[in-house]
Amino acid sequence: MRLSVALLSSIALLAPLAVHAADAPRLNALRVLGSHNSYRPELDPAALAHQRQVMGERSAGVEYGHPPIKAQLDLGLRQLEFDPYADSAGGLYAAPYAGDPAKLAIMNRPGAKVLHAPVVDARTLCLTLADCFGQVAAWSRAHPDHDPIVIFVNTKEDPFDTPAIPNPPLYTEADLAGIDADAIKAFGRAGIVAPDDVRGDAATLRQAATGGGWPSLAASRGKVLLVLDSNPRVAQLYRQGHPSLKGRMMFGLYDAAEPEAAVFNIQDPKAEEARIKDLVAQGFLVRTRSDADTRDARLHDLTRLQAALRSGAQIISTDYYPGAPDPLGLHFVVTAPWLKAAGDKGR
């Protein structure tokens, strides 16, 4: 079910984020639609049947998939999400590729690997985080006028509650420095809106984010903004020795009172609409989700999307954007009036 005309009309009437008339719009005034778990490939009938066989009842919540990264960006998505597992020595996640020498060689090299869950859900559009970044960078170079692309890097290290899946290694400082290095290699330092670019001369990153320190949208065109989406242990490790994330390439998820606070990832806008509104009003950048675990799509329930739109969250993530694969034939589509295609020229 597509959004009704009435709903689209109401969305169009939403006031833009307030900016001073004399100022150019800042990066925290952007409004973009993005994909959730952007690396999970489309589920064709054979892949869906295999997933159900392997995952059993857990399959229902992940019966979605995406076209190649380039195609997602061509469709107008400007937020992506990749889930890397640390693999400092290489080879931890290589077993599924034993019959493919080229992919096996890649998986045996050191570096973060991107997948949803080892053994049971390892299909991916980009084997390594470096490859994920590289695919975005190639598209960006071909479309230098694009709106900024926000990339959530959802580091995985929490243990699984089943003996069928080996627990992943914990991230180290070297692993996190490797992600920063991969980002610089892919995008170049000038192609990244990093915490240093927001903080400027402010005492803290938080002070800059809430005090108008975000660069202009115009100056951010053709660039990416990276967010470390992690558990508290990794977030603490990432800022250790880097106050206000000085010298880091990614923003992180920190409490609103912390000096490193700038970006938030709030999963449920229905439950936390008021909090999102407050954070946006303070100047923070917020990502939320219009649907989750295929539940909203199966019920054709738009209330979560409506709450996300009302909240003013600058980034709304979905599995059901226009042009997304529809393996279950649900005909559920999430869209927004600001969704653009290709290179965003003229915005």
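Tyr320 counts as buried, at 5% relative accessibility. This residue belongs to a predicted model, and the values reported here are computed from that model. Tyr320 and Phe332 form an aromatic pair of the edge-to-face kind, with 5.6 Å from centre to centre and 85° between the planes. The angle is over 60 degrees, so the pair is classed as edge-to-face.

Tyr320 lies in the segment after strand E10 (315-318), and Phe332 also lies in the segment after E10, so the pair ties together parts that are twelve residues apart in sequence. Phe332, at 5% relative accessibility, counts as buried.

## The pair between helices H5 and H6

The aromatic pairs come to five in count. One of them joins Phe133 and Phe187, whose rings are tilted, with 5.7 Å from centre to centre and 55° between the planes. Because Phe133 lies in helix H5 (residues 129-142) and Phe187 in helix H6 (residues 173-187), this pair ties together parts that are 54 residues apart in sequence.

Phe133 has 0% relative accessibility and counts as buried. Phe187 is buried as well, with a relative accessible area of 14%.

## Charged ends over rings

Two arginines are placed over aromatic rings. The charged end of Arg40 sits over the ring of Tyr64, at 4.9 Å from the ring centre. The charged end of Arg287 sits over the ring of Phe152, and here the distance from the centre is 5.3 Å.

Thr128 is found in the loop between strand E4 (113-114) and H5. With a relative accessible area of 14%, Thr128 is buried, because the limit for that class is under 20%.

When neighbours within four places in sequence are left aside, Thr128 is in contact with Ile106, Ala112, Lys113 and Val114. Strand E4 spans 113-114, so Lys113 and Val114 among these contacts belong to that strand.

Ile165 is found in the loop between strand E5 (149-154) and H6. At 4% relative accessibility, Ile165 counts as buried. Leaving aside neighbours within four places in sequence, the contacts of Ile165 are Pro118, Val120 and Phe160.

Ile165 can also be placed relative to Asn265: the two residues are 100 residues apart in sequence, and their C-alpha to C-alpha separation in space is 27 Å.

Key:
Residues are numbered from 1 along each chain as its sequence is written. This is a predicted model: local features need pLDDT of at least 70, side-chain atom pairs count only at pLDDT 80 or more; totals for chains, interfaces and linings use all residues. Side-chain values use heavy atoms; hydrogens and water are left out. Rings of Phe, Tyr and Trp (its six-membered ring) pair if their centres lie within 6.5 Å; planes under 30 degrees apart count as stacked, over 60 as edge-to-face and the rest as tilted. Helices (H or I, at least four residues) and strands (E, at least two) are DSSP runs, numbered from the N terminus. Buried means under 20% relative accessible area, exposed over 50%, partly exposed in between (1.4 Å probe, protein chains only). A charge sits over a ring if NZ of Lys or CZ of Arg is within 6 Å of the ring centre and within 35 degrees of the ring normal. Contact means heavy atoms within 4.5 Å.
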